[in-house]
Amino acid sequence: MKQSLSFILIAFSFLTAALVFTSCEAVEELTETDTEKAIRIFTAGVWNVDTLVTKTDLFSGGISNIQTDSTFSNYGTIEFQKPNQTVPGYGAGYMIHRYTKNGISRIDTAAWVPYNFNSGNNNYITLFFALPGQDIVVDGYDMYLDLVELSDKRIRISGWRRETIQGGSGGSYGTYRRYHLTR
């Protein structure tokens, strides 16, 4: 009788500890901010690039004239490192894209933050691209991508970056990116 009572008490203790541990994780997920949630999901591991769509256009008079339009399927992997690292600085983290193009393994590195870098708004991420030898964030080309879908298994982000054409034509050059990432 004593042995079975001891066994029941030990089993109850383990069950209680397990419930407390899992409930703490659930409470933590419920109380995290949108930015903390985005960081947790983006940095939880390596993402497969199911699709990357890129476009460039000339936009004038309300008309977009597409110059290039490319779709890359099964285009390697992306690893998002946690923001607030000393390098690249400014509260950003690295986004490392590993892929193969024309039979050659390549690695592209950009910086990222899980919000609109200019306004601080959530539901966006900011990517910073730079030429070799330039500071990714200070000298970088920034793109603000809409956070279309964010889950533990799938991320979809997309957006345009426009720059006014010099000389007063009223038009702009545009660059578009859309990522579909899965685990």
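This is a predicted model: local features need pLDDT of at least 70, side-chain atom pairs count only at pLDDT 80 or more; totals for chains, interfaces and linings use all residues.
Local features were taken at pLDDT of at least 70 and side-chain atom pairs at pLDDT 80 or more, whereas totals for chains, interfaces and linings use all residues. Residues are numbered from 1 along each chain as its sequence is written, and side-chain values use heavy atoms, with hydrogens and water left out.

A salt bridge was assigned where a side-chain nitrogen of Lys or Arg lies within 4 Å of a carboxyl oxygen of Asp or Glu. This rule gives 8 salt bridges. Accessibility was classed by relative accessible area: buried under 20%, exposed over 50%, partly exposed in between (1.4 Å probe, protein chains only). Helices (H or I, at least four residues) and strands (E, at least two) are DSSP runs, numbered from the N terminus.

One of the pairs is D142 with R161, whose closest N and O atoms are 2.8 Å apart. This pair links distant parts of the chain. D142 belongs to strand β7 (residues 141–150) and R161 to strand β8 (residues 154–164), 19 residues apart. D142 is buried, at 14% relative accessibility.

R98 and E79 also form a salt bridge, at 3.5 Å from N to O. R98 lies in strand β4 (residues 93–101) and E79 in strand β3 (residues 77–80), so the pair ties together parts 19 residues apart in sequence. R98 is partly exposed, at 37%. E79 is partly exposed too, at 26%.

E32 pairs with R40, the closest N and O atoms being 2.7 Å apart. E32 is buried, with a relative accessible area of 19%. R40 is partly exposed, at 28%.
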